[in-house]
Amino acid sequence: MIDSFLKYIQFEKRYSPQTVISYATDLHQFQTFLTEEFSGTMIVDANYGLVRSWVVKLVELKLDPTSINRKIASLRSFYKFLLRQEVISQDPMQKIKILKTAKMLPHFVSEADAVQLMDNVEFQPDHQGLRDQLVLELFYGTGMRLSELINLKESRINLRDRTLRVVGKRNKERVIPFSAQLVSLIESYLKIRNKEIGSPTHGYLFVTDAGEQLYPVLVNRVVKKYMRLFTTVEKKSPHVLRHTYATHLLNKGAEINAVKELLGHSSLAATQVYTHNSMEKLKKVFEQAHPKA
């Protein structure tokens, strides 16, 4: 049933490849636990007590609460799927509660470092150089997710209106505006890509030097390579640039509901985490300037 569930979230729910891999890892880990600790009990036969035993073991192994909560979420989705398929009659996850976690503010790049990163890097005027530059500019200039970037098709970019359409989580499509400066960069990239690599038949905007669709490991490598040059932020990843996009918009007075739509969040709560960064900035101004601080 695990394979059926993974196909369901991949092809029907359209979860990202990374999410599917994470779910598969969590479910197989739980099945291994059941096999080793409870005489080969199958995952479809697990009850509340067995799930709780696994969670307790993960806690004893000092696994990070965030990671444990992700595993709990994977099991919740899996058993809901089994209920809908009438494979089971009772959900073993009903009484399982998530663990408390410390509230962490999203990492983001300062405005000064972001300007340095985007404006002061000397990219080579070839396919690889322009591709890397456009990858960074799109992450910071649109706030799109990694999966949205590698799956972005050329046909979904409207240079005249300066908008692009991406398919995000839960197969939800949204339109994101971008700056006029990006128009010329996209045009330059397409010109050099088609000249050096050829126009790809698969339609994806970004390609490797072999003309294949870009993949996550390569994109992460590109982002880390350039972020190391100009930023002091601890984490260096595409998601940090997404956090940076949201934080800078809110710092400049963007309305939070508009930022929610731009990011493709399903609820306002997911966007509100970025207002904490704005508040931290205000607190620092207060502490530095107010005589009673």
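A residue counts as buried under 20% relative accessible area, as exposed over 50%, and as partly exposed in between (1.4 Å probe, protein chains only).

**Figure 1. Overview of the chain.** Of its 293 residues, 42% count as buried. The model is predicted: local features need pLDDT of at least 70 and side-chain atom pairs pLDDT 80 or more, whereas totals for chains, interfaces and linings use all residues. Residues are numbered from 1 along each chain as its sequence is written, and side-chain values use heavy atoms, without hydrogens and water. The chain holds 12 helices and three strands, which are DSSP runs (helices: H or I, at least four residues; strands: E, at least two) numbered from the N terminus.

**Figure 2. The salt bridge between Arg-70 and Asp-26.** A salt bridge places a side-chain nitrogen of Lys or Arg within 4 Å of a carboxyl oxygen of Asp or Glu. Here the closest N and O atoms are 2.6 Å apart. Arg-70 belongs to helix α4 (residues 65–84) and Asp-26 to helix α2 (residues 17–37), 44 residues apart. Asp-26 is buried, at 0% relative accessible area, while Arg-70 is partly exposed, at 37%.

**Figure 3. The salt bridge between Glu-111 and Lys-252.** The N to O distance is 3.4 Å. Glu-111 lies in helix α5 (residues 111–119) and Lys-252 in the loop between α10 (238–251) and α11 (256–263), so the pair ties together parts 141 residues apart in sequence. Lys-252 is exposed, with a relative accessible area of 64%.

**Figure 4. The salt bridge between Glu-154 and Arg-193.** The closest N and O atoms lie 2.8 Å apart. Arg-193 counts as buried at 0% relative accessibility, and Glu-154 as partly exposed at 31%.
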